[in-house]
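Here are my notes after a pass through the model.

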Amino acid sequence: MTTVAAPVARSREASPLLRFAGRRLLGAVVALFVASLVIFAGTQLLPGDAASVVLGRNGNPATVKLLHQQLNLDRPAWQQYVDWITGLLHGDLGNSAVGMAQGATSAPIWPLISDAVVNSVILALITALLMIPLSLGLGVVAAVLRGKWPDHVISVASLAAIALPEFVIGSLLIGVFFVGLDWLPPVAIVAPGASPLDDPEKLVLPVATLLLASLAAGIRMVRAGMIEVLQTEYVQTARLNGVSERRVLWRYALRNALPTSVQILAQNLQWLIGGIIITENVFAYPGIGSTLVVAVQNRDLTLVMSVSMLIAVVYVLLNLVADLFVMLLVPKLREPA
Amino acid sequence: MSAIAPPSAVVRVDGLTLALRTGEPVVEDVSFSLGAGEILGLVGESGSGKTTTALALLGYTRPGVTWRSGTVEVGGEQVRERDERSLRSLRGRVVSYVPQDPGGALNPSLRVGDAILDVLRAHRSGEGSPELVHAALDRVELGGDAGFPRRYPHQLSGGQQQRVTIAMACVCEPPVAVLDEPTTGLDVLTQDRILFELDRLRNEQGMAMVYVSHDLAVVARMADRIVVMYAGRVVENAPAADVIERPRHPYTRALVAAIPDFRTPRSLRGIPGVSVGVGEWPKGCAFAPRCEHAAVLCEEAVPVLADAAPGHAVRCCRTHEISAPERAESTLRSRPVAPETAPLLEVTELEARYRSGRSARPAVVDVSFAIPPGRCVALVGESGSGKTTVGRCIAGLHRPSSGSILFAGNWLIADAAARPLDVRRRIQIVFQNPFESLNPRHQVRSSIARPLRVLRRLSRRDADAAVGDLLERVRLPKRVAERFPVELSGGERQRVAIARALAAEPDLLICDEVTSALDVSVQAAVLELLQELQRELGLSMLFITHNLGVVACVADSVLVMDQGSLVESGPVAQVLEHPQHEYTRRLLSAAPTLADVAAGA
Amino acid sequence: MTGRLRFLRSSSGALGAGIVVFVVLVALFGRYFAPHDPSAPIGVPLSDASSDAWLGTDFLGRDVFSRLLYGGRSVILIALAATLLAYAVGLGIGLMAGYSRSFVDPLLMRSVDVLLAFPPLLLLLILITGAGTSVAVLIIGVAIIQAPAISRIVRTATQVEAVRAYVEAAIARGERPLAILGREVMPNILAPVLVDSGLRFTFSILIIASVNFLGLGLQPPSPDWALMISENREYISVNSLAVLAPAAMIALLTIGINLTGDGIARSLGRSYVPRTSRTVIE
């Protein structure tokens, strides 16, 4: 199989990188655009009238009409969409529909959720900082010690944990650590304006819940990826030529299992976002997840739309960062196609 | 045990027996030795245990395989009874490894210079000098470009990659190297260069090599001594020239007779039956079930490896009674075609492109040829020459970008689905990979019946009856119809694929490298079958291959392609004996042939 | 290939299948053995286990055991319906995309990938905001969430098959694409699809249970396991069984499915692991 050797053009090494990044960036923008369409269409699916739903029992023709005007619901759909998007791009998240329905002249969303956003970010960061090294570490250990008891323990435990939803894990943890041992509080309520870090004890169970839920999947996938790499021809050739096992594990195995692992971890972090919604609810933690759930319960359309858009942005950003990492790790991708 | 190893032997294998944990032996009582600067060819087909034996020299056994008995000594050091750490000190320093597939054997995220450095550092602590790396690359003719060590494997060609792995194996100057079919995946021309390099290395460094291969012709060129293995045992051990010219074991004889060699074209004879796998070894000689000289004694006990002549050991109890094989007649075919006969297939100025992603590069450029009825035309070229694409265009699997194909005087529509039923029936194709030609979920019966139902519109009952006849025609027992492909061997599967193609009663059979993935002995049998079928049925064949030896045995005329263009065409005898084009000449001189051993090339 | 039930030979497969069968039987038929009406209070709220109420009572005084026996059916049936719908759609899209070598493939995949830009739960919440809470919304919503991932897996498997020689032989015979997909391709993509189906079903159950837990799915007084956990968790220190019993049932069900899936994967020689839905290096 003769392949023609690709010439290495040193001076142009920068541009494939930039072009790749540029393409991904464009893709991210398109994804966000489409996401906004989906969010808009999804929330507007109501067969009936949006305003009436928000007002619920308080709805009568007069209040409905007033709310229509306040929320611009009397305009055609595409116009509403454009208004919303332009507002977002200017940093204006709109007004809360429920707030308006209660008679306020304006109920800007950002002040309503800014605290919640910070709280969620703190929770997510702590969990992520723990999850990434643990996933990688335990996954690699399980792969390298494949077939021996640490692998069995890790594999079985993760198979079980992967099956449990966050609310079950959370409830079980509460059962053990609060009801049983009375070591930790069952709720993680934070007063508005206070920081969750003031009383870190409250964060232990929520973080533990999120960790257990996301670690399981991450470990299994990292392990699988690492095993695949350990069985490659180049690992065997290196070993057969006497290269030290340590070097083989680090530079031949792990280094080539990283790109997949990065994508796995990114996907896990994305799952984390869904997990946060539930976990905040289990522990009554005032984060963006709780806010979202309350908004859905109240049918606060505009709030749901804006929060969803925020979450979509984080989601897409995670993908982008992961892709860029992978590109840096895989030399082949830096070549012109 | 035969030849006593001279004291200067750099490799000494004595009575090596490896077995599965459940007890079945994988290789048994293997003994041979090698002196400094000698090349030993370890030859055998799949299941012979040659790779297992070679890897044992590095102290490596596949998971599940254990050392039962015997010793292995390389460079004066025992290999057995060592833990991982001490084995590692041996590997690369005393005995090194050159893998089969260089593309997969190099770390894709490591620059090649660093990869070579890794092997150096493993054995000479601290000494990570770039000069030594450069010297190693120089030795394999890659030292010209100063920036070369900074390249990644994917930036190199197949030949360059293989030379890097050879450099890795030589950098610590070990006395022995184990090469596991190092040129199998390479083009003939590239293979030629690599073999040349290896020979040079042996002369300059005095490195001994154990060269594992299934290709006797390649081994004939390189090796000083050949060890032939069958079903885990050594069956013949002799100097290379002796093995080729005076093989004394029936298996070796059959193997030599089965190798297609364009310098001595003759009818090939396959070996009937199938090789035995681990755990299926019969009580006596493992080859007896397939041997035409087998006697009752052969099935009673395993023959002992003994010298039949000085330095020539054979494991056969009847070797003295078997007469030497006759030199087969050279039978280059050249049946003349009556000039008025209208060609069955006429290709005119065919052009085709190969699309990958968004770009398209030319695969076939201005190719024109004709196939007369009842004749076999061979289409020869290396990978990337476009020969497969030509075949696929004719079969309707690839749309040409311009040019025309006439079949029986009518224009051939590009897409098979758009062709009339009759045309679809009359052109059939058999593919290369026996493991993919048949749907693993369908019984053989179902696979063969399909064209009977679709292309000949037979009823279910008629189709079922025809299946049995077709299986007979390809020399397979009727009960194969009930089997699933996974239960059949590679050769059997190809026969089923041929039966399926014949089911349509075609006029033109396209054979796309149909024997390339098969063992040599099986290949000979399949070629034999194809030749008979062609004669009996008057089939026209387009035989696509890269193996010139096969061309000589099977074809009436030959077309040579290089990078999409047709560079030479003509009757087989003419092209092979008096090649006109430069490329054809290079191809012919690079192709390994058994005659090399006599010339001591 | 010959032993369809071969996966039962592995310990995980047998154990998993046993657990699943047990839980499904309880969920589907338990109600006929319930000692009490699940919606009727039978005693003091949050009382401990007694001979009358084997698991005690919940926060409204209803018998926990009876509610437990009633509580699994809706989740399992809704999850099943949603997963089947997702497969119907995902298989169709995946086969088409994987088999076509034209613009159809990237077009379909990009459209489908759009939905992968969302956390699944979020998508479902958006749909609930827009269309309200009902069984139909749950089924369609979960199907929409699962279909993209399924179509990816089917597409990848189909692409692998589409270039096999036996498929090309069928093309050379002039067979129609639909016939080829059905006869040659489908039987060979069953393996990866089957391995994936266990995870898919588990995921459906988890999502629906999560939504129920948030009070956005099935509504009270429905005796759903997840709802039970949500309703009684404030009082976990009083009668922990009201929370732990339904939690255990959910856990058993999903762990059982996963073990079975693992067993099936092993018997097919594969690993039971969700592959990443996006690969950069395509």
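Predicted model: local features only at pLDDT ≥ 70, side-chain atom pairs only at ≥ 80, totals over all residues.

1. Ground rules. Residues are numbered from 1 along each chain as its sequence is written, with chains lettered from A and ligands numbered from 1 in the order in which they are written.

2. Chain B overall. I get 21 helices and 22 strands in chain B; helices are DSSP runs of H or I with at least four residues, strands are runs of E with at least two, and both are numbered from the N terminus. The radius of gyration of chain B is 26 Å, close to the 25 Å of the globule rule for 601 residues, so the chain is as compact as a globular protein of that length. (That radius is taken over C-alpha atoms, and the rule is 2.2 Å times the number of residues to the power 0.38.) The C-alpha trace of chain B spans about 70 × 65 × 45 Å along its principal axes.

3. Burial and contacts. Of the 601 residues in chain B, 52% are buried. Buried here means 20 or more other C-beta atoms within 10 Å of the residue's own, exposed means 12 or fewer, and partly exposed is in between, with C-beta atoms placed from the backbone. Among contacts in chain B with a separation of 6 or more, 69% link residues 24 or more positions apart; a contact is two C-beta atoms, placed from the backbone, within 7 Å.

4. The eight-stranded sheet. Chain B has an open sheet in the order β6-β7-β8-β3-β9-β10-β12-β11, with mixed pairing (two strands pair if DSSP finds at least two bridges between them). β6 and β11 (306-309) of chain B are the edges: each has a single partner strand, so one side of each lacks a neighbour in the sheet. On average, neighbouring strands of this sheet are turned by 25° against each other, direction ignored. Inside the sheet, β9 (225-230) and β10 (233-239) of chain B are antiparallel over six bridges, and B:Ile226 sits opposite B:Ala238 in β10(B).

5. Helix α10 of chain B. Eight of the nine residues in α10 (250-258) of chain B are buried. They pack against α8 (216-222), β9, β10, α9 (240-245) and α17 (520-537) of chain B.

6. Strand β20 of chain B. All six residues of β20 (540-545) of chain B are buried. B:Ser540, B:Leu542 and B:Ile544 point one way, and B:Met541, B:Phe543 and B:Thr545 the other. β20(B) runs parallel to β15 (376-380) of chain B, with five bridges, and B:Ala378 faces B:Phe543. β19 (508-512) of chain B also runs parallel to β20(B) over five bridges, with B:Leu509 opposite B:Met541.

7. Chain contacts. Chain B puts 19 residues and chain C 13 residues into their contact; the chain B side divides into eleven nonpolar, four polar and four charged. (Ala, Val, Leu, Ile, Met, Phe, Trp, Tyr, Cys and Pro count as nonpolar, Asp, Glu, Lys and Arg as charged, the others, Gly among them, as polar.) The contact of chain C with chain A takes 46 residues from chain C and 52 residues from chain A. On the chain C side, α5 (120-131), α8 (177-213) and α10 (241-267) of chain C each supply at least two residues.

How values were computed:
Axes fitted to C-alpha atoms, helices over the stretch in contact; angles between N-to-C directions.
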